[in-house]
Amino acid sequence: TLIIFVSLPLDTNNRNFLSFEHLFHNHDHLKNFNSCLQLISIVMATSNGSCLKVPDIHDNTTIGGGVQDVYGEDRATEDQSVTPWNVSVASGYALLRDPHFNKGLAFTEKERDAHYLRGLLPPTVICQETQVNKMIQNIRQYEVPLQKYIAMMDLQERNERLFYRLLIDHVEELLPIVYTPTVGEACQKYGSIFMRPQGLYISLKEKGRILEVLRNWPEKNVQVIVVTDGERILGLGDLGCHGMGIPVGKLSLYTALGGVRPSSCLPITIDVGTNNEKLLGEELYIGLKHRRATGQEYAELIDEFMTAAKQNYGEKLLIQFEDFANHNAFDLLERYRSTHLVFNDDIQGTASVVLAGIVSALNLVGGNLGDHRFLFFGAGEAGTGIASLIALEISKRTNSPLDEVRKNIWLVDSKGLIVSSRKESLQHFKKPWAHEHEPVEKLVDAVNQIKPTVLIGTSGHGKTFTQEVVEAMASNNEKPIILALSNPTTQSECTAEEAYNWTKGRAIFASGSPFPSVEYDGKVFMPGQSNNAYIFPGFGLGLIMSGTIRVHDDLLLAASEALASQVTQEHYDKGLIYPPFTNIRKISANIAALVAAKAYELGLATRLPQPKNMLNFAESCMYTPTYRNYR
């Protein structure tokens with residue numbers, strides 16, 4: 001074993017310690033120094049001769065339910081410097097190409113000397129705030145949303161902290177760019193805009209070697225994986241490997257909105273082929289060009305992935321299933337919820353955010369939750385997931401059996417109203433919603449016969465809440481609650497303008513994708529957005545910071561309660577049932593605190609001792625993308 005002790009005093013220009021790359025440059029017998037770095041115990045001598053041990057790599061301090069402080073950032077206060085470690089000290093040209101540490105023109109004069117940046121940057125020094133102002137002006141110059149998306153993804157690959165600072169400071173403007181609706185178009189055109197890989201691609205070619213593939217990822221302290229197989233991307237169908245835009249976008253929001261450290265996030269696409277004939281014949285398609293694997297071959301690949309992920313990253317790894325087709329989504333959630341920390345945003349996240357909106361809407365329409373009658377157009381993951389959580393909440397509030405509560409919740413699928421006479425042919429997740437009633441094929445007839453107070457669209461088909469349907473809702477209710485939740489905007493069941501005009505301004509409306517304000521009869525209505533981004537970032541943070549090992553339905557109810565509590569009278573006066581996204585980090589902190597508290601109450605949390613002030617602890621765990629000073 002070779003142990004080298006090196007004395008590196010500060011020079012007269014206070015340029016800090018020389019890097020080892022420069023110290024041993026051109027010495028043949030030390031050409032492989034970097035490859036031996038992990039075998040060497042290094043002691044640096046300060047200018048006064050006292051020894052300083054470098055702690056950043058070896059310290060095992062953790063925060064936030066097990067986040068290892070690899071870079072020494074959590075222990076350092078804002079005015080203290082940190083070392084930009086990346087196996088070795090990043091410096092020079094390599095530092096400018098490392099998105100984790102690159103600050104562009106914000107490197108100070110001292111940092112430019114210490115890290116060999118002289119001449120590699122123009123001489124001016126600007127602050128992060130100026131960089132943010134410059135970038136938002138640049139992005140606003142693009143007229144096409146997809147161009148803005150490409151610019152944002154390019155920034156994320158160049159300067160990670162500036163990307164998140166920009167997204168946080170302009171969240172309402174940029175959220176529709178990095179997430180729905182623009183991310184849908186990005187996925188459709190992913191092959192043509194693909195520049196560099198983001199995340200991991202696990203295909204059938206890697207079967208039997210998935211653990212090895214996971215170990216290829218450079219970050220070793222992953223706490224959140226968002227994974228898709230690309231079979232049901234938003235309302236756009238099977239996009240195969242091009243669905244990677246969804247995990248990348250979701251994890252950007254985990255960091256920006258929920259404060260989960262970006263190094264803890266891993267987007268993954270599992271590629272088993274695609275049944276999209278257009279993609280199979282497309283030259284620029286980046287995935288496997290054959291039809292989808294199914295059955296045992298598919299199940300074995302997923303099972304190997306789930307086992308390898310848990311083995312590599314531990315029991316408290318959160319795995320979020322995203323945009324799996326109905327026939328797999330329910331089965332995967334049921335199969336792994338008792339053995340892994342898993343969460344399906346399409347089923348559970350959507351349900352939680354919609355329940356919060358309905359609870360908020362009660363302040364505008366009056367009555368109790370159990371007094372209302374619900375009709376869903378769409379009986380897939382989202383529809384049945386929302387229905388189940390609403391039923392659970394009503395059951396808890398009224399102490400009524402679930403079977404009794406479900407009688408006020410009706411679903412319409414592609415074949416019409418789900419009724420008892422269809423039960424034998426129904427998929428298993430639809431059967432609890434099959435009630436005694438004569439068959440009804442058309443949605444408008446279902447509205448007229450069931451007379452719902454709440455109409456919820458999760459069909460993935462645009463323009464299905466026709467004028468006839470909306471006017472029927474208005475004729476049965478003084479203030480009809482209409483939620484057109486399908487994404488992206490083109491798939492929304494109706495627009496905000498249509499909902500307000502056809503109900504003569506009486507609708508309480510929210511949608512999955514954003515719509516502009518609407519003026520009707522001299523009054524301006526602000527349509528709400530029932531966006532999952534309200535829930536999953538804070539929900540994930542709550543699980544991580546408490547070290548929760550399983551997701552319980554009561555945690556979803558806690559998240560709904562926390563979100564609904566953030567709606568104020570000022571918001572109600574504008575017709576809003578969700579708070580504005582400008583306060584999203586505060587909202588996420590409150591959701592995380594309540595979810596974590598419920599996890600401790602249920603005995604699912606492993607981080608001990610339990611924090612005394614959960615909200616303060618949640619806020620302290622949140623990543624902030626302010627530039628750090630480098631030694």
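In the predicted model, the backbone oxygen of Glu-322 lies 2.7 Å from a polar atom of the Thr-228 side chain, a polar contact being a pair of N or O atoms within 3.5 Å, where within protein one must be able to donate a hydrogen and the other to accept it, and residues adjacent in sequence count only if both atoms are side-chain atoms. Residues are numbered from 1 along each chain as its sequence is written, and side-chain values use heavy atoms, with hydrogens and water left out. Because the model is predicted, local features need pLDDT of at least 70 and side-chain atom pairs count only at pLDDT 80 or more, while totals for chains, interfaces and linings use all residues.

Thr-228 is placed in strand β8; strands (E, at least two residues) and helices (H or I, at least four) are DSSP runs numbered from the N terminus. With a relative accessible area of 0%, Thr-228 is buried (under 20%; exposed is over 50% and partly exposed in between, with a 1.4 Å probe and protein chains only). The Thr-228 side chain also reaches the backbone nitrogen of Gly-230 at 3.0 Å. Among the residues touched by Thr-228 are Ile-233, Pro-247, Ile-268 and Phe-324, contact meaning heavy atoms within 4.5 Å.

Glu-322 lies in the loop between β10 (318–321) and α14 (326–336) and, at 2% relative accessibility, counts as buried. The side chain of Glu-322 makes polar contacts with the side chains of Gln-320, at 2.8 Å, and Lys-250, at 3.3 Å. Residues touched by Glu-322 include Val-226, Asp-229, Asp-345 and Asp-346.

Strands β8 and β10 belong to an open, parallel sheet of 5 strands in the order β7-β9-β8-β10-β11, where pairing requires at least two bridges found by DSSP between two strands. β7 (200–203) and β11 stand at the edges with a single partner strand each, so one side of each is left without a neighbour in the sheet. The twist averages 25 degrees from one strand to the next. β7 pairs in the parallel sense with β9 (residues 265–271) over 4 bridges, and Ser-203 has Asp-271 as its bridge partner in β9. Helix α11 (residues 245–256) lies across β8 (224–228), β9 and β10, running at about 165 degrees to β9; axes are lines fitted to C-alpha atoms, for helices over the stretch in contact, and angles run from 0 to 180 degrees between N-to-C directions.

β10 and β11 pair in the parallel sense over 4 bridges, with Ile-319 opposite Val-342 in β11. The chain passes from β10 through α14 to β11 in a right-handed β-α-β crossover, that is, one whose path from the first strand over the helix to the second runs clockwise with the strands pointing away from the viewer. In β11 (residues 341–344), Leu-341 and Phe-343 point one way and Val-342 and Asn-344 the other, and all are buried.

Phe-343 is also one of the residues touched by Phe-539. Phe-539, Ile-390 and Ile-456 have the most contacts inside the largest nonpolar core, of 122 residues; such a core is a set of buried Ala, Val, Leu, Ile, Met, Phe, Trp, Tyr and Cys residues joined through side-chain atoms within 4.5 Å. Apart from it lies another core, of 37 residues, including Leu-266, Ile-302, Met-306 and Leu-332.

Note on methods: Lists of a residue's contacts leave out its neighbours within four places in sequence.
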